[in-house]
Amino acid sequence: MISENEILNLIALSKVKNVGSVTAKNLISYCGSAEAVLKSKKHQLIRIPGIGEKTADELLSSVTLSLAEKELNFSIKNEVKILSYLDKRFPYRLNRYPDAPIILFYKGNADLNCDKIVSIVGTRAITNYGQSLVDELIMDMKHLDILVCSGLAYGVDSAAHRKCVVEEINTVGVLGHGLDILYPSENKTLANKMITKGGLLTEFGIETRPDRENFPMRNRIVAGICDALVVVETKEEGGSMITAEYAFEYNKDVFAFPGKVNDVFSKGSNKLIKSNKAQLIENGNDLLKAMSWDLNKSKEKSAREKLLFIELTEPEQEVVNILKESSPVHIDVFYNKMNLSPGMIASVLLELEFKGLLNEQPGKRYTLVN
């Protein structure tokens, strides 16, 4: 366990101008700890490769420690977790890369090291086509124990987070600013819901504004934290393409939905596919198969095993029998086959969903643990 004092010094080190994460880790490697770095003498620091007199002066400035104390107090007051790159809770997928931050600030409850993490990115000007792709993708992954990450921006990012909140899937938004503000402010309600089942993550301390240069840094975290990155729709240039490039360089599995050749918001996705930087997918099942996450068979077995131990009411058993005959089943089929009111049927379906035996698919269609 890292001491609070070392956390304080790591925060201070992260606030030193012109000292990025690569240089910071190099300094810690030479000196032994962040505290040792900040307590070194100037002549000792300038002997370290890449450290000049100006950087040494900044490292020894008392200003950084006072800023770090302010950051630490804010984090304690607002229940923000401070994750050091030396901490086991730090996202191990991200920590593989030398440019990973030395500190992350995290407000939430999702496991950042869960078995399966998918990042979803795309244009801020999402189309109806893009919206439907996001919804279907998330529904196809719903049966997995999965974490969905994105950048909490307008468009595709917000659509992915919102659908996850509705479907009660863990989702984390990676921010390009500190946790004392939220950008865009219109997403405040969505962000608050995400904190209860997911969270907000950033490498930027308080009083860091959402400046343009911060977002490429944010994008590398979106790319580095996941197993698979999905580009829904995007222009030929922009943040989504930067994220995809990072993911490709990090040897992540990159996927993209194709679009019309003359559609401006499909230009980027199509380019990634043409250049072999992304694998073409048409739905979530394509991604699951490519990632060897197609667990339908084991899930079906799990459903059968659950049915042996869960006591069902007569109406619940009737629903299960109908689903065993054919799947997916539209809600109208239950209305026609069951001698119950629509309200009673909805209640039975919801109870089966709570018991982990039933999933609702788009269009009021139902399957057994799909």
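In the predicted model, E203 is buried, with a relative accessible area of 16%; buried denotes under 20% relative accessible area, exposed over 50%, and partly exposed the range in between (1.4 Å probe, protein chains only). The side chain of E203 forms a salt bridge with that of R220, at 2.5 Å from N to O, where a salt bridge is a side-chain nitrogen of Lys or Arg within 4 Å of a carboxyl oxygen of Asp or Glu. R220 belongs to helix α11 and E203 to the loop between β6 and α11, 17 residues apart; helices (H or I, at least four residues) and strands (E, at least two) are DSSP runs numbered from the N terminus. R220 is also buried, at 6% relative accessible area. Residues are numbered from 1 along each chain as its sequence is written. Local features need pLDDT of at least 70 and side-chain atom pairs count only at pLDDT 80 or more, whereas totals for chains, interfaces and linings use all residues, and side-chain values use heavy atoms, with hydrogens and water left out.

The count of salt bridges comes to 17. One of them joins D180 and R209 at 3.4 Å, N to O. D180 lies in the loop between β5 (171-174) and α10 (188-196), and R209 in the loop between β6 (198-202) and α11, 29 residues away. D180 is partly exposed at 31%, and R209 is partly exposed at 37%. A further salt bridge, between K277 and E245, has an N to O distance of 2.9 Å. K277 is in the loop between α13 (267-274) and β9 (279-280) and E245 is in helix α12 (residues 239-249), so this pair ties together parts 32 residues apart in sequence. Salt bridges also link K142, K163, E167 and E353 in a network.

No disulfide, defined as a pair of cysteine sulfur atoms within 2.5 Å, is present. For C164, the nearest cysteine sulfur is that of C149, 9.4 Å away. C164 is buried, at 0% relative accessibility. The sulfur of C226 lies 7.4 Å from its closest cysteine sulfur, in C149, too far for a bond. C226 is likewise buried, at 1%.

Helix α1 (residues 4-14) is mostly covered, with eight of its 11 residues buried. Among these are E6, N9 and L13. The buried residues of α1 pack against α2, α3 (34-38), α5 (53-59), α6, β1 (81-84) and β2, with contact meaning heavy atoms within 4.5 Å.
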